[in-house]
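This report looks at how two parts of one chain meet. The sequence and model are shown first.

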Amino acid sequence: MIWSIEESLPREKLRQIQTSRLIETVSKVYANVPLYKKKFDEIGLKPEDIKSIDDISKLPFTKKQDLRDSYPFGLFAVPNSQLVRIHSSSGTTGKPTVVGYTKNDINVWAEGIARVLTMGGVTNNDIVHIAYGYGLFTGGLGLHDGATLVGATVVPSSGGFTSRQAMLMKDFGATALACTPTFAMHILETAEQEGYDINRDFKLKCGIFGAEPTSRGLKDELAKRWGISYHDIYGLSEIIGPGVAGSCKHSNDLHIFEDHFYPEIIDPETLKPLPYGEKGELVITSLTKEALPIIRYRTGDVTILNAELCDCGRTQIKMKNIMGRVDDMLIVNGVNVFPSQVEHALSNIKEITLNYQIIVEKKGYLDKLEVMVEVTEDMPMDSIGALEQLQKKIQAELLNSLFIHSSIKLVEPRTIERSQGKAVRVIDKRSLK
Ligand code: DLL
């Protein structure tokens, strides 16, 4: 089933909608947001110069720093009387980024999430257990409104309290779980440890997982061990929150809801747009947002747009699984590495789990990369020979697939601290000095 008719419009019709929505958005931001007026004036661009969606590359970019500099409400295009909600980032590295919503923005947001839930087969007969954090983070409340729109029964569990999550999921008969992939794995491991039989005790049929870059290996493992279909949900608070894109039953790629969020891929160095099929930074323009319309927002996320038609009947463009963030990319002795690529390489080795951390430090002039990873329960930790052999195997896998030299630290199951939100995969000690 497809939630809304816009998801399967003929491409030409969709382009007409995008054009008229872009023209409206551009004239609104020019009239109501001083920063955009300034940015347009600086390059001599008038709103009338934007005549079609093809003119989008004439527009200036927006960056996270623009939101920080306009803290808290400087980029809002409506008076406060029209705002019904504020969310914000945690702001651990400076001022938080603040985002606002009108009533209509909340409706658009819920609609995006309803589209993804429908991809997962969720209907009004389902019980959706939401273990994304509620509060200023967009995950919990975003999923909440979308699941309510679908008419499902919502369990607003929020994050934390892992063993209680497992108990409630079993007792209430959750059929869909929405949380970060790492937290879904943590709930699973906790449930197994506490003696639940995953197949017998749980009724789960789908997972709506996102908010952090995740390898194919971890996704497949979650799908297999929970016995569910895995649906990726993508989004970012600056654009609206979760529900910008989601994966259907026919593909691992994510359909982007282009009638509301127009995607481009650019080269992060030259800032030039790249054609479909090429890897680069995802840039999104909101086409219907009222409170915080955003022009060519540099998401920092690295992906590829895929224009192939999908068997599900949706015509909206797909993007590949996010490979990582431009600013997450580690450069280790000159080689570019994304944590999710390391995760993918680790997933080829059956004696270890996908609980790992990458630690990078400087040794003299050279970068040294260590991967700390938990072995599986069956691995004998007292057999030095077997452990050394396993270390060599992991080293060879990382060298062959990613061209990086690494040292491997094998640790016992359940040693690495678990995340109840987004996982901390990298400790880069080089930047601490
Ligand atoms: O993480 C919104 C969200 C909540 C998405 C729940 C999905 C589910 P932010 O905290 O603003 O918003 O972080 C946005 O998280 O730029 C990506 O780097 C990453 N991200 C989000 N979804 C995915 C995904 C939420 N499905 C940042 N795959 C984004 C990979 C993702 N990375």
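## Contact between the two domains

In this predicted model, the C-alpha centres of domain 1 and domain 2 are 27 Å apart. Domain 1 covers residues 85-326 and domain 2 covers residues 335-428. Their contact draws 22 residues from domain 1 and 16 residues from domain 2. Between domain 1 and domain 2 an area of about 1,500 Å² is buried, and carbon and sulfur atoms supply 54% of it.

Polar pairing across the interface comes next. The rule finds 9 residue pairs in polar contact between domain 1 and domain 2, counting pairs with both residues at pLDDT 80 or more. The count of salt bridges between domain 1 and domain 2 is 1. Glu-189 pairs with Arg-418 in a salt bridge, with 2.9 Å between the closest N and O atoms.

On the side of domain 1 that touches domain 2, the elements giving two or more residues are helix H7, helix H9 and strand S14.

| Element | Residues |
|---|---|
| Helix H7 | 181-193 |
| Helix H9 | 216-226 |
| Strand S14 | 324-325 |

Which element gives the most to this side of domain 1? Helix H7 does, with 5 residues. Sorted by class, the side of domain 1 that touches domain 2 is made up of 7 nonpolar, 10 polar and 5 charged residues.

Definitions and conventions. Residues are numbered from 1 along each chain as its sequence is written. This is a predicted model: local features need pLDDT of at least 70, side-chain atom pairs count only at pLDDT 80 or more; totals for chains, interfaces and linings use all residues. Side-chain values use heavy atoms; hydrogens and water are left out. Domain bounds come from an automatic or database domain assignment. Contact means heavy atoms within 4.5 Å. Buried area is the accessible area (1.4 Å probe) that two parts lose on being put together, summed over both. A salt bridge is a side-chain nitrogen of Lys or Arg within 4 Å of a carboxyl oxygen of Asp or Glu. A polar contact is a pair of N or O atoms within 3.5 Å; within protein, one must be able to donate a hydrogen and the other to accept it, and residues adjacent in sequence count only if both atoms are side-chain atoms. Helices (H or I, at least four residues) and strands (E, at least two) are DSSP runs, numbered from the N terminus. Ala, Val, Leu, Ile, Met, Phe, Trp, Tyr, Cys and Pro count as nonpolar, Asp, Glu, Lys and Arg as charged, and the others, Gly among them, as polar.
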